[in-house]
Amino acid sequence: MADRVTVRTLKKIKDNGEKFSMLTAYDYSTSKYFDDAGIDVILIGDSLAMTALGYEDTYSVGVEEMTIFTKAVAKGAKRAMVVTDMPFMSYTIDIPSALTNIGNMVKNGANAVKLEGCNDYIEKLIECTINMGVPVMGHIGFTPQSQNVIGGHIIQGKTEDSAYELLKQAKKLEKAGVFSIVLEMVPENVAKNITENISVPTISCGAGRYCDGFVMVCDDLFGKFDAFTPKFARKYGDMKSLITDCAIKYIQDIKNKNYPNENEVY
Ligand code: KIV
């Protein structure tokens, strides 16, 4: 069995000028296939609120649900680093409750957690989480758990001031001890500048080509989720058609008394 991808592996990849891959997964078999394929990081993203649970946004998903998905995904991943997204309100009330919720994800199989945003509280929490023994992935730029404050799905860092603010945030997260930082919906040149000016790996989520790692929501990769597809998502399959097609054929076989056949009975 290959060695588990760790914070050290990702750092080495950055230092060698190489790239790493990250995908979200929400169930055991997808996680296993990604792991077998050689993915470096698997994220139990709170995007599962929309893709797996049918919610409008990420606000509604809670710790209990994220725990169940973490458990399933972690069972499938033997080599990839498993990172759980801490859901809305699970880490922002106070440090003790945040650490309890974070610890719970690790007890259920996560190797690290992802926290959105950067402010004094988040920096303190990152330090406490690392002191507890859990690595933290940061997430700045467009942060879906603050989309009501931001005012929608809006590209971040477009002005000189906001680009500088993002660089400052990245440096603060680096100082607090994160092992990597997701940059979501950030202009390519801004993400490039951040990547070149911090020592921890950056991960592009719609932040262009020059980050150290790249992440996509698995349902976008599969062509499965059709409610909304961001510009940066590349569809590698057409799972929506595949699933619909299988269901139509199955229904037809039943109607036509073709299923089950004589080889499919006891
Ligand atoms: O929830 C999620 O899927 C994410 C990534 C796309 C970065 O946070």
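Q: Where is proline 260 found?
A: Proline 260 is in the segment after α11, with helices (H or I, at least four residues) and strands (E, at least two) taken as DSSP runs numbered from the N terminus. This is a predicted model, in which local features need pLDDT of at least 70, side-chain atom pairs count only at pLDDT 80 or more, and totals for chains, interfaces and linings use all residues. Residues are numbered from 1 along each chain as its sequence is written, and side-chain values use heavy atoms, with hydrogens and water left out.

Q: What kind of peptide bond joins tyrosine 259 and proline 260?
A: That bond is cis, with omega about -10 degrees.

Q: And which residue with a positive phi follows α11?
A: Lysine 257 does, with phi near 60 degrees. Most residues other than glycine have a negative phi, and most peptide bonds are trans.

Q: Where does methionine 89 lie, then?
A: Methionine 89 is in the loop between β3 (81-85) and α5 (95-107), and its phi is positive, near 70 degrees. Methionine 185, in the loop between β6 (180-184) and α9 (188-197), also has a positive phi, near 50 degrees.

Q: Switching to the ligand, which residues are around it?
A: They are Thr24, Leu43, Gly45, Asp46, Ser47, Asp85, Lys114, His139, Cys205 and Val217, each having a heavy atom within 4 Å of the ligand.

Q: How much of the ligand does the protein bury?
A: Taken alone the ligand exposes 260 Å², and the protein buries 94% of that, using accessible areas from the Shrake-Rupley method with a 1.4 Å probe.
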